Amino acid sequence: MADNQNSSQNDEDMENVDLSTSIVDDSAWEGFQDGQLSFIGNEVESIPQKLIDDYSKVTRRLDLSFNNISCVDGLEEFCHLEELVLDNNTLGDTTIFPRLDNLHTLTLNKNKLTDLDHLLEDIKVKFPRLKYLSLLGNSACPNQLSSMEKDEEDYQRYRYYVLYRLPTLKFLDSTQVTAADLKEANRVGPFMCVVRGPEDTSKAPEESPPSPTQYTPLPQNARSSDDHLSTFGKSKYVYYGKHSEGNRFIRNNDL
């Protein structure tokens, strides 16, 4: 009975929404229809307050792709939200997500997420009914979309670890989760965590330039042009090699 009353209230709220109201720029946003709100490509850094005030109570699917969103304050007002698309934004490890009990689909492709452990723990607590998750294009998801140095083995280790932490997922990234995936994730998942050491931000000490030395191969005092220690001239002696040590091993018939 309570569910019917909530559904009726939601329908009344949707009827009361002025669909002609501009959020920021009529040419920039996709619009609202049947509980689906799109606000794409506006380059905002957070969710506009007018968007929250006008649509939070009647939106079931929210698409905020291709903005510069790094803060999701106000998202907690979307109490009936089931699907959230935040692709191509600037969400990072410091982004704080609110608890959304009805959310079953979350796509965070191409953001700035790097700490996979922190993200998975946050998702597990904040979105208990999540079934569909996509993290492609983030450093936390090691594949060729995030780095050309990563390969299929890196992604597979990541996939097993995510499914080990979130075993209720039905889809991860672009692939359906199978029973075999979950079985293998349960077996190897605990060992797939990548441990990162602390970053060394200290600078190496600068090397001091070598101290000048007193040694020089040149004479300390220059000689005059008349002060010679060698001579040059012609010699009448001609060496024929008769007394060479090497000639002892050469016979006449070898010549």
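1. Read along the sequence, the protein follows the pattern α-β-β-α-β-β-β-α-β-α-β-β-α. It holds five helices and eight strands, where helices (H or I, at least four residues) and strands (E, at least two) are DSSP runs numbered from the N terminus. The model is a predicted one, in which local features need pLDDT of at least 70 and side-chain atom pairs count only at pLDDT 80 or more, while totals for chains, interfaces and linings use all residues. Residues are numbered from 1 along each chain as its sequence is written, and side-chain values use heavy atoms, with hydrogens and water left out.

2. Of its 255 residues, 35% are buried; buried means under 20% relative accessible area, exposed over 50%, and partly exposed in between (1.4 Å probe, protein chains only). The protein exposes about 17900 Å², of which carbon and sulfur atoms supply 48%; accessible areas come from the Shrake-Rupley method with a 1.4 Å probe, and for residues only the protein chains shown count as cover. Among contacts (heavy atoms within 4.5 Å) with a separation of 6 or more, 47% are between residues 24 or more positions apart.

3. Helix α4 covers residues 152-165. At 1.5 Å a residue its 14 residues should span 20 Å, and the end C-alpha atoms are 20 Å apart, which agrees; the expected span is 1.5 Å times one less than the number of residues. The buried residues of α4 are Asp 154, Tyr 155, Tyr 158, Arg 159, Tyr 160, Tyr 161, Val 162, Leu 163 and Arg 165. These buried residues pack against α3 (116-126), β6 (132-134), β7 (171-172), β8 (175-176) and α5 (179-188).

4. Rolling a probe the size of a water molecule over the atoms shows where empty space is left. The structure holds one cavity of 30 Å³ or more; on a 1 Å grid over the protein atoms alone, a cavity is a set of points where a 1.4 Å probe fits but cannot get out, and lining residues have an atom within 4 Å of a point. The largest cavity has a volume of about 40 Å³, a volume being the space filled by probe spheres set on the points, which are joined across faces, edges and corners. Its lining consists of Gly 92, Asp 93, Thr 95, Phe 97, Leu 113, His 118, Leu 119 and Asp 122. The lining divides into three nonpolar, three polar and two charged residues; Ala, Val, Leu, Ile, Met, Phe, Trp, Tyr, Cys and Pro count as nonpolar, Asp, Glu, Lys and Arg as charged, and the others, Gly among them, as polar.

5. Two residues deserve a check of their backbone angles. Most residues other than glycine have a negative phi. Glu 43, in the loop between β2 (36-38) and α2 (49-55), has a positive phi near 60°. Because its relative accessibility is 61%, Glu 43 counts as exposed. Phe 66, in the loop between β3 and β4, has a positive phi of about 55°. Phe 66 is partly exposed, with a relative accessible area of 49%.

6. Which residues does Glu 83 touch, not counting residues up to four places away in sequence? They are Arg 60, Arg 61, Leu 62, Leu 103, His 104 and Thr 105. Glu 83 belongs to strand β4 and is partly exposed, at 25% relative accessible area. The C-alpha atoms of Glu 83 and Arg 60, 23 residues apart along the chain, are separated by 6.4 Å.

7. Gly 74 lies in the loop between β3 (61-63) and β4 (83-85). Its relative accessibility is 10%, so Gly 74 counts as buried. Its C-alpha atom is separated by 8.6 Å from that of Pro 98, 24 residues apart along the chain.

Terms used:
1 Å grid on protein atoms, 1.4 Å probe; cavity = no way out; pocket = protein on both sides within 12 Å on 5 of 7 lines; lining within 4 Å.
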